[in-house]
Amino acid sequence: MRPTPLLRWLARVALIMATCVAASTLAAPPATAQPSGLSLKSLSFASKRVDVREQSVAVTLTWTVRNTNPEAEYLSGSVRLRMAGSTPGTYVGTTRDINFWLYTSWEGVRHVSGNAQESTYEYDFAVPRYGKTTSALWVVAGFNASDDKGATLSLEGAQLARHRPWLKAQTAVDSTPPVIDSIEITGSFPYAYVGDRSISLGYRAGLRDSQAGFWKGTLRLAGPNGQVLTAPFEANLSVFDTSCRPSGFSEMSCQFLLDVPAGTTSGAWQVVEVTLVDNVDNQTTVVPPDTAPITLTSNEVVSAANFTATPNPVNNWTQNATTRLRMDVTGAQNGVGTVQLDFDTPGCRQDNAGPVVDPDGGISVGVLVSRNTAECVVTRLIMVDGAGNAAVYGDLFGAPDPGLTINRLPNTTPPAVSAATLTPTTVTRSEAPNVWPTLTMQVTAPIAPVNQYALYLYDAAGNIVAQQSGGTSGAGPDGTLRLYGYLPYDIAAGTYSYGFTLYDASGLRSSYGVNGQPLAGGPLEITVTDD
């Protein structure tokens, strides 16, 4: 008797599952080697056949897990769905990892019933419409579970065969490969430091496939002397993996890393081609859209040393300051064309003048330091000579640290008052609420300006009857500073004296008058008389 199509199909599935076991013997121990307790009681699709040629159809996958350990209280695991490839033991397309948790319905999985000793789960699998041909075979390729007592269960390939964990779909045919819309390197600058250790470069790609959807790809970079670097990337439908995620109806955005070995040749490296594969194994190799090259360097061609800034520190207490960052350069061909600086704060920035050759042969660039910026650390420096050779420095590159910090001039001198007057010096009680006594003083603050004050009015017994504090814009160009006090509306007749404290921007302070240093012109007194 000739075998029926169904028997031929079942024979193919059995061969696939058996081959899976052979291929995974080293990666996954057999079920008998698992810690005792956990077992898969049942696993099956609600239907073994489905027609998705017109639209995707959801088929429910149900499984039940047993645990003979009565002390177990929790359970979690995953089910791995794959499309079977044309060669026995192979799979095609994105892995679909379905995660499940006891007592939790999430990510499309429903906890139907049960506890840690036996529990049942459901997942509605939306069977994709497209296949390589008019049919596709979907297989539960793996099953994992673990409890809170340390027991684990891992089943692969033919270890799942007794559950008949497969589903055959009539599909529409997808004969078109994916399309790439964009690819770019991530990061602020198209430079990277290699040196004596391997590094990773980040890339982002925009892809489209309106039928089966994108599965995986390979990026190729070409560098000097015909050298090539490659980077694979792959979509993953798990919520725990965001490297390749849908960005629209048929769009996919992928972020991935390209490994660069230690000692890779310095120079420009350009994306030259990308191989794309969709979820039914249609492949294409394309020259991608224009992509800026990345320059790799180990600073072995051109380099810099002896980084300094002059002046340093800078006096930026009252206004913006400037300084020049200087370095000694060796190996430059056709001069130095570009120097780019980054700092750890926006308080410092490079000016627009570009690099200059100093009289001693060093290279320098101008830096603007904003008022009151305490310090600026050089975090990234890029230098490119006239032939395009680059050297980079700074922690943000993982490159040698230039070790350069621009500091603010320290201040050790508190503000000083050489003279002070008070106006008026006499006022009646009825006038007092409408009078603002004015203290006019000559202030010397050689480095940090005065920016705060505290003002106190004392009676004859030394008690505070009025006080105020706040900020001030500091003394004028001639050193004059005015403070305005007030008199309480119920102030009694008598003689009162002022005391005050001045604070500068560095936090230093000086006190004068009552409870402070004596004033050269004597106490600042105001007399309140009866009407």
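These legends describe close-up views of a predicted model.

**View 1. The four-stranded open sheet.**
The strands follow the order E1-E3-E7-E6. Their pairing is antiparallel. Strand E1 (38–45) and strand E6 (109–115) take the edges. Each has a single partner strand, so one side of each is left without a neighbour in the sheet. Direction ignored, neighbouring strands here are turned by 20° against each other on average.

**View 2. The pairing of E1 with E3.**
Strand E3 covers residues 57–67. E1 and E3 run antiparallel and are joined by seven bridges.

Strand E4 spans 75–84 and strand E5 spans 91–101. The two run antiparallel, with eight bridges between them. Ser78 has Asn99 of E5 as its bridge partner. Six residues lie between the strands of this hairpin. In the turn, Gly89 has a positive phi of about 85°. How many of the 11 residues of E5 are buried? Eight are, and the strand is mostly covered.

**View 3. The largest cavity.**
The structure holds one cavity of 30 Å³ or more. About 70 Å³ of space lies in the largest cavity. Which element gives the largest share of the lining of the largest cavity? That is E5, with four residues. Among the lining residues are Val92, Gly93, Thr94 and Arg96. Met83, Pro128, Tyr130 and Trp138 also line the cavity. Ala212, Asn279 and Val280 complete the list. By class, the lining divides into seven nonpolar residues, three polar and one charged.

**View 4. The second largest pocket.**
This pocket holds about 280 Å³ of space. It is lined by 17 residues. Closest to its centre are Ala84, Gly85, Ser86, Val92 and Lys132. Strands E4, E5 and E9 (135–147) each give two or more residues to the lining. The largest share, three residues, comes from E9. Seven lining residues are nonpolar, six are polar and four are charged.

**View 5. Val92 beside both spaces.**
Val92 lines the largest cavity. Val92 is also among the residues closest to the centre of the second largest pocket. Strand E5 gives four residues to the cavity lining, and two or more to the pocket lining.

Definitions and conventions:
Residues are numbered from 1 along each chain as its sequence is written. This is a predicted model: local features need pLDDT of at least 70, side-chain atom pairs count only at pLDDT 80 or more; totals for chains, interfaces and linings use all residues. Side-chain values use heavy atoms; hydrogens and water are left out. On a 1 Å grid over the protein atoms alone, a cavity is a set of points where a 1.4 Å probe fits but cannot get out, and a pocket is an open set with protein on both sides within 12 Å along at least five of seven lines; lining residues have an atom within 4 Å of a point. Grid points are joined across faces, edges and corners, and a volume is the space filled by probe spheres set on the points. Ala, Val, Leu, Ile, Met, Phe, Trp, Tyr, Cys and Pro count as nonpolar, Asp, Glu, Lys and Arg as charged, and the others, Gly among them, as polar. Two strands pair if DSSP finds at least two bridges between them. Axes are lines fitted to C-alpha atoms, for helices over the stretch in contact, and angles run from 0 to 180 degrees between N-to-C directions. Buried means under 20% relative accessible area, exposed over 50%, partly exposed in between (1.4 Å probe, protein chains only).
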